Amino acid sequence: MGESLEDTIENIKSWGGELGQLCIIEIDGKPIGELSYSIEGDTAYPGWKICDFNY
């Protein structure tokens with residue numbers, strides 16, 4: 001998004017361990033699941049859950 005990898009890494013590190021997010025996954029405006037992540041140190045832990053088995 002117009003930011004170098006190094007700047008992105010530094011930006012994420014500046015969040016001070018307060019990292020985590022839960023997002024709704026939508027396809028054509030229909031919620032079908034969720035995405036979550038947490039970041040610990042230099043490692044990201046993503047998780048995906050698809051709740052609509054048609055997808």
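Trainee: What percentage of the 55 residues in the protein is buried?
Mentor: This is a predicted model, in which local features need pLDDT of at least 70, side-chain atom pairs count only at pLDDT 80 or more, and totals for chains, interfaces and linings use all residues. Residues are numbered from 1 along each chain as its sequence is written, and side-chain values use heavy atoms, with hydrogens and water left out. Buried means under 20% relative accessible area, exposed means over 50%, and partly exposed lies in between (1.4 Å probe, protein chains only). Of the 55 residues in the protein, the buried share is 11%.

Trainee: Which pattern does the protein follow along the sequence?
Mentor: Helices (H or I, at least four residues) and strands (E, at least two) are DSSP runs, numbered from the N terminus. The protein has one helix and three strands. Read along the sequence, the pattern is α-β-β-β.

Trainee: Which residues form the negative surface patch?
Mentor: Patches take residues with over 30% relative accessible area and no salt bridge, joining like charges within 9 Å and nonpolar side chains (Val, Leu, Ile, Met, Phe, Trp, Tyr) within 5 Å. Asp and Glu count as negative, Lys and Arg as positive, while His and the chain ends are not counted; a charge is placed at NZ of Lys, CZ of Arg, CG of Asp or CD of Glu. One member, Asp-7, is in helix α1 (residues 5–13) and is partly exposed at 46% relative accessible area. The negative patch is formed by Glu-3, Glu-6, Asp-7 and Glu-10.

Trainee: How much accessible area does the nonpolar patch of Ile-27, Ile-50 and Tyr-55 have together?
Mentor: Accessible areas come from the Shrake-Rupley method with a 1.4 Å probe, and for residues only the protein chains shown count as cover. Ile-27 belongs to strand β1 (residues 21–27) and is partly exposed, with a relative accessible area of 32%. Together, Ile-27, Ile-50 and Tyr-55 have an accessible area of about 260 Å².

Trainee: Is Asp-28 buried or exposed?
Mentor: Asp-28 is placed in the loop between β1 and β2. Its phi is near 55°, a positive value in a residue other than glycine. With a relative accessibility of 81%, Asp-28 counts as exposed.

Trainee: How many bridges pair strand β2 with strand β3?
Mentor: Two strands pair if DSSP finds at least two bridges between them. Across this pairing, Ser-38 stands opposite Tyr-45 in β3, and Leu-35 has Trp-48 as its bridge partner in β3. Strand β2 (residues 30–40) and strand β3 (residues 43–50) are antiparallel, and the number of bridges is eight.

Trainee: Which residue takes a positive phi near 65° in the hairpin of β2 and β3?
Mentor: The hairpin has two residues between its strands. The one that takes the positive phi near 65° is Gly-41.

Trainee: What separates the C-alpha atoms of Trp-48 and Glu-34?
Mentor: Trp-48 is found in strand β3 and is exposed, with a relative accessible area of 61%. Trp-48 and Glu-34 are 14 residues apart in sequence. Their C-alpha to C-alpha separation in space is 5.9 Å.

Trainee: Which residue meets Asp-52 in a salt bridge?
Mentor: A salt bridge is a side-chain nitrogen of Lys or Arg within 4 Å of a carboxyl oxygen of Asp or Glu, and a search of the whole structure finds two. One of them ties the segment after β3, where Asp-52 lies, to strand β2, and its two residues are 22 residues apart in sequence. The side chains meet at 2.7 Å (N to O), and the partner of Asp-52 is Lys-30.

Trainee: What is the N to O distance in the salt bridge of Glu-34 and Lys-49?
Mentor: Glu-34 is partly exposed, with a relative accessible area of 26%, and Lys-49 is partly exposed at 42%. The N to O distance between their side chains is 3.5 Å.

Trainee: How far apart are the C-alpha atoms of Ile-32 and Tyr-55?
Mentor: Ile-32 lies in strand β2 and is buried because its relative accessible area is 4%. Along the chain, Ile-32 and Tyr-55 are 23 residues apart. The separation of their C-alpha atoms is 7.5 Å.
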